[in-house]
Amino acid sequence: MTQTPIRLTVNGRIHEITAAGDTPLLYVLRNDLALNGPKYGCGLGECGTCTVLIDGAAARSCVFPVSGCAGRDIVTLEGLGTREAPDVVQQAFIDEQAAQCGYCLNGMIITTKALLAINPRPTEQEALAALRYNLCRCGTHVEILRAVMRASGQLTEAAD
Amino acid sequence: MASPVSNEAERPSGSLVVVRTVDEVTSETFVRITADGSVTAYNGHVDLGTGIRTALGQIVAEELDVSFARVVVVLGDTALVPNQGATIASETIQITAVPLRKAAAQARQVLIARAAERLELPASELRIEDGLVRGHDNRSISYGELIGGETIRLELADDVAVKAVGDYAVVGHSVPRVDLPAKTTGELTFVHDVRVPGMLHGRVVRPPYAGVDAGPFVGTSLIAVDETSVRDIPGIIAVVRIGDFVGVVAEREENAIRAAEQLNVSWKPTPALTDLADVETALRANPSTPRTLIDKGNVDAAISGAAKPMQRTYVWPYQMHASIGPSCAVADFQDGNIRVWSGTQNPHLLRTDLALLIERPESEIDVIRLEAAGCYGRNCADDVTADALLLSRAVGRPVRVQLTREQEHAWEPKGTAQLIDVNGGLDADGGVAAYDLATRYPSNAAPTLALLLTGRISPEPAVLQMGDRTAIPPYDYDHMRVVAHDMPPIVRASWFRGVSALPNTFAHESYIDEAAAEAGIDPIEYRLRYLKDQRAVDLVNAVAERAGWTPRPVREEKDGEVVHGRGFAYALYVHSKFPGYGAAWSAWIADVAVNKSTGDVSVTRVVAGQDSGLMINPDGVRHQIQGNVIQSTSRALMEEVSFERGTVAAREWGAYPIIPFPDVPKIDVLMLPRQDQPPLGVGESASVPSAAAIANAIFDATGVRFREPPFTSERILKGLHGDAPARPQALPAPAPPQRSRIWENPFAKRAGIFATIAAVCTAAIGIGTALLPGRAIAPIARPDASVYSAATIARGQQLAALGNCAECHTTIGGVLNAGGRALQTPFGTIYATNITPDVETGIGAWSYPAFERAMRDGLHRGGRQLYPAFPYTHYAKTSEADLQALYAYLMAQPAVRATAPANALSFPFNLRPLLAGWNALFHEGREFKPDPARSEAWNRGAYLVESLGHCSACHSPRNALGAERREAYLAGGFAEGWEAPALTSLSHAPVPWSEDELFAYLRTGHSRHHGVAAGPMAPIVRDLKALPDQDIRAMAVYLNSFNDTATDRQAQDALATKLESATQVTVASSTGARLYQGACAVCHEVGGLPLFGTRPSLALNSNLHSASSDNLVQVILHGITEPVSSDLGYMPAFRNSMSDTQVEELVTFLRKQFAPDKPAWTGVRETITRVRASTH
């Protein structure tokens, strides 16, 4: 097992990672970079809790080896915004109270971010389809959908 | 309210605390106010994702008259919070908050009395605003000032007056959840995110009796653990075994994962377990003790006198909590100071378990509770905490243990199956003559797993009395008997949202609906006849009005393929120890659409009404109701644990689907304003009417009663049409004749074939001997590579890439071209040799003529025959100049000393001289001759493909002696357990190959119309990157000449789109379809949200259309871990997540769905077994 350092850009900062190349990106983000956003959910890319942006596209970091990330631009939940200066999607999720336990929240927010990047004003049907493979067990779907519509500027207070 | 950032206990100056003395040395704190004015509230329950942290903060702020922002709520840390038992039964607000509310009120009263004294004003004239006590003269003093440097300790009084509801300013108003800003930005909130200095990573290996926790084999099944099996993994700290508990600890998480997968553990065979294919039979056979909960009137006489007897059985399936995050914990075992960070539901009970497990006093253990993924009852949170503690104790360092998805699915205590028999009927007036209900609930508290696995507690299952929740119907029937048959669990089971009340209510509310239908009376009107509770009546009426319920005394027959229906159900969730008490009242009106052809049920709208009494945080209650509606709709429609041989088979989301976004119903929440009534639990109530409301709606739509959820399309079709399928299914076309699989099946012991081979070879020896012996070519000193130009060496490098030399001559992770890689052939194992220029072990002593002879004639420099696994039959066609360049390149590489292991070939193939005969039969050592009738590109492509490229080595079928069949050039073959598909017009691909698609595939590893290169093809395309575009184009031109079809790009695209739209998966019609939707569709569904990488279309994928399932099985089991390029993305391996049966279901479905014109594959199960055993 050769371990040459792998250089990746995470949330705008360059990191040299020494790990086996087939290590899923998820573990590098969580353990080497101490990021909490991406979560382990299934290890099979099924549930979406581990979603990050790789070169702007949603990617399931539990099935994406770190060797494939060399030179790529990775953004996690932490890279979107902070409590003091949240991203518009994060703020929309707070405003809509779109979490119960919140474990799936990372995937919901990142997937919404990826969706809005290619479709800034999705219809409800498009939003539902985009989130089809992000699982939520608490049943927060209604609030999450509202958060997506709010983040895309399509939910007015009058409609509340 | 402030966010809880730390669980601190100390403040520098004075404080006021309200405590309850437990014994002489122990007391429990409820509220602490410090001199700086901050307020901390302590509660023994935990927030399971329901937002009780926020609601408890509101209660304290209200009673203390401080702003909500000032209150920090500490939950579930055993060192700090009162022991208030497990967070169950939706009782936090209803029960557990009571002392907290009183403590806050008591503190306020003491502080206001002090203020009155200090301000010399009567207390009645003081006002409080956010902890500042103000008199009418505008003088004021704060709580902090009133406390000052003093330490004030108040014993919690029982008779404290709390605020009148009318005076509430904080409670009863919606406030945002305090935890969301942290959760949306990735701050530390979850136990999964705890990082302790020096922390190691652990994984556990669970026994084979997956999900079963009772029986003499539990804790006694381990035979051996072979620690040497993980010796090659770096940073392994320990392998731990205690009884049936097995765990590994490593420095890095991925290495712990690898070790847990790789660890060789042998187990005794598990005895035969209860077959759960038929839940009803299994539950009836489970030993039980009847316990009568109510026996009113004369039930037996009333039943025998019933005008219309009605005997019904309702069956509830096994279901999962299915927490989105598998459980995780961190433990730090230090002498006398043991800390665990846990997502437990019950910190104090867990501490008792941990003390028992490690035989230490509870006082040495601190359970620090952090949030975890939502649990709706007892999941694996306690199990993993105990696992972490055992591993930390073994290594003396902090250890984090993360359960895998598969472990959480398999081992979480299930929400148990339940069987409810109702006997009764209608009297002459259409009323309920009698109601005789018997319920069976095989579940207990699911002891913490490590206690069982280590043998600390007996694996004899406890029998609890929990099947009685809401077992008595809410209806005032004159003759009524309810009996709970208490029984031990069959598989590991414990409470799950709604506990036994949800299944019991499914029976109550289905039965009364059946009775109403039989009586010809509107189902709501019918219920109201028996409903005596005024709040229930109010709720039922309010929900009926909100939904626009029209009375339906007689069911109307509906026409059309999709029929609509509407159903009602009501429940008062009665929980806790019998007779228990009620939480919130709940009623549902569900609208459904049922597709009679596909069996698909959609719940389109739910009106959910609830009377929760006082709602502390109305928005929080609304979210809880919506969550309950969605989750319980999911449970009713699609959730059922599958078992194989009595163990849990569902280990990922495809096998246990939960409701996806597009299937979520529209929800209209109606919350009755009851702010003057005591607050009631809202965590579960809205789930309880769910399944019955949906079943009643399906009946309204179809006229068929469904008494066993989940209401999957198979069940609906069976209910509507009986066992016969809805549509006549096409008979499978006759299977194609089985081709000889000897080449795919290494070491096949087929005596007949072997005898033939030996005979043929022996006959050929006569010819072969003429060529023997191969003359030795004298060794030379290693050539000086500087005699070759850089351009020649570079050209040689390209040619080495074209020939994929390194692929065979390099071990995985080994030094380039140093040999040693084992090549499995039907005739035994051949080890590739060292082709670096090392003089002794490589080819450093080889002159160019020796090299050329090897390449053209398959002879070693020393004269012995080389096996044709080395494709000299192709390399022979290489031009002189190219061979020179290749030689130059190889000689210019670093020499590496490495000797390959000896080949392991069976007789007669271990006799090299026989190969001379083989060569005589099958080898033409001629250089490539261009065809002047063809284009330059074609000839260039032909040269590359047929010489070093050696495409046909894999893509042509071989004869029994392993030689390519020339008459079937590129007609498809097998290599390394993978099918190398036909590249000619014999291709099974639904869209024929074209030059452009061949170019795209060879250049990028991906063709829109065919899929991605995987298996042995991926490294080949990777190697081809060394070649310029025009060479790849030439190969495409040549290969395309074997396709007869003229290609029209537009027509091909149109065909592709047509095939894709015709094969869209819209209904989860089978286990295989559900596996596809849960596991595959995220990356393969046409038109889904783009994820990083390609999105290979299964409708077009050649492998789905092939005559053999091998490649599909290969990628499902082993994934695509090394694609041609990371740009294509990766595919995970499902071998550890799906059983053979599941993979077979999936493969069969994929074939039928995406290659509908092709016959079903035969022998899929055998293929799965074979591919599982292979290493690729």
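## Basis of the description

Helices (H or I, at least four residues) and strands (E, at least two) are DSSP runs, numbered from the N terminus. The model is predicted: local features need pLDDT of at least 70, side-chain atom pairs count only at pLDDT 80 or more, and totals for chains, interfaces and linings use all residues. Residues are numbered from 1 along each chain as its sequence is written, while chains are lettered from A and ligands numbered from 1 in the order in which they are written.

## Chain B overall

Chain B contains 35 helices and 35 strands. Its C-alpha trace spans about 120 × 80 × 55 Å along the principal axes. Of its 1176 residues, 55% count as buried (20 or more other C-beta atoms within 10 Å of the residue's own; 12 or fewer is exposed, in between is partly exposed, and C-beta atoms are placed from the backbone).

Among the contacts in chain B with a separation of 6 or more, 76% are accounted for by residues 24 or more positions apart. Two residues are in contact if their C-beta atoms, placed from the backbone, lie within 7 Å.

## Interface of chains A and B

Chain A contributes 72 residues to the contact and chain B contributes 67. On the side of chain A that touches chain B, the elements giving two or more residues are helices H1 (25-32), H2 (77-80), H3 (88-95), H4 (105-118), H5 (124-130) and H6 (141-151), together with strand S4 (57-60), of chain A. H4(A) provides the largest share of this side, seven residues.

By residue class, the side of chain A that touches chain B divides into 40 nonpolar, 22 polar and ten charged residues. Here Ala, Val, Leu, Ile, Met, Phe, Trp, Tyr, Cys and Pro count as nonpolar, Asp, Glu, Lys and Arg as charged, and the others, Gly among them, as polar.

## Two helix pairs in chain B

Helix H12 (residues 501-519) and helix H13 (residues 523-530) of chain B have axes that come within 9 Å and cross at roughly 110 degrees. Axes are lines fitted to C-alpha atoms, for helices over the stretch in contact, and angles run from 0 to 180 degrees between N-to-C directions. H12(B) passes H13(B) in a right-handed crossing, the near helix being turned clockwise from the far one by less than a right angle; anticlockwise is left-handed. From H12(B), the residues in contact are Ile512(B), Asp513(B), Ala515(B), Ala516(B) and Ala519(B), and they meet Pro523(B), Tyr526(B) and Arg527(B) of H13(B). This contact comprises six nonpolar, no polar and two charged residues.

Helix H33 (residues 1110-1118) and helix H35 (residues 1164-1173) of chain B pack at an angle of about 50 degrees, with their axes 9 Å apart. H33(B) is therefore oblique to H35(B). The crossing of H33(B) with H35(B) is right-handed. Asp1110(B), Val1113(B), Gln1114(B) and Leu1117(B) of H33(B) make the contact with Thr1167(B), Ile1168(B), Val1171(B) and Arg1172(B) of H35(B). Four of these contact residues are nonpolar, two polar and two charged.

## Helix H17 of chain B

In helix H17 (residues 713-721) of chain B, the buried residues include Ser713(B), Ile716(B) and Leu717(B). They lie on the same side of H17(B), because they cover an arc of only 95 degrees around its axis, taken from the directions from the helix axis to the C-beta atoms. Strand S24 (581-595) and strand S25 (601-611) of chain B are among the elements that cover the buried residues of H17(B).

Gly722(B) follows H17(B) and has a positive phi, near 75 degrees. Pro710(B) is found in the loop between helix H16 (690-702) and H17 of chain B, and the peptide bond from Pro709(B) to Pro710(B) is cis, with omega near 0 degrees.

## Other backbone features

Most residues other than glycine have a negative phi, and most peptide bonds are trans. A cis peptide bond joins Phe578(B) and Pro579(B), with omega about 5 degrees; Pro579(B) lies in the loop between strand S23 (562-575) and S24 of chain B.

Asn138(B), in the loop between strand S6 (132-134) and strand S7 (140-142) of chain B, has a positive phi near 75 degrees. Asn138(B) counts as exposed, because it has 6 C-beta neighbours inside 10 Å. Ala322(B), in the loop between strand S15 (308-316) and strand S16 (328-334) of chain B, has a positive phi near 55 degrees. With 27 other C-beta atoms within 10 Å, Ala322(B) is buried.

Definitions and conventions. Parallel < 35°, antiparallel > 145°, perpendicular 65-115°, else oblique.
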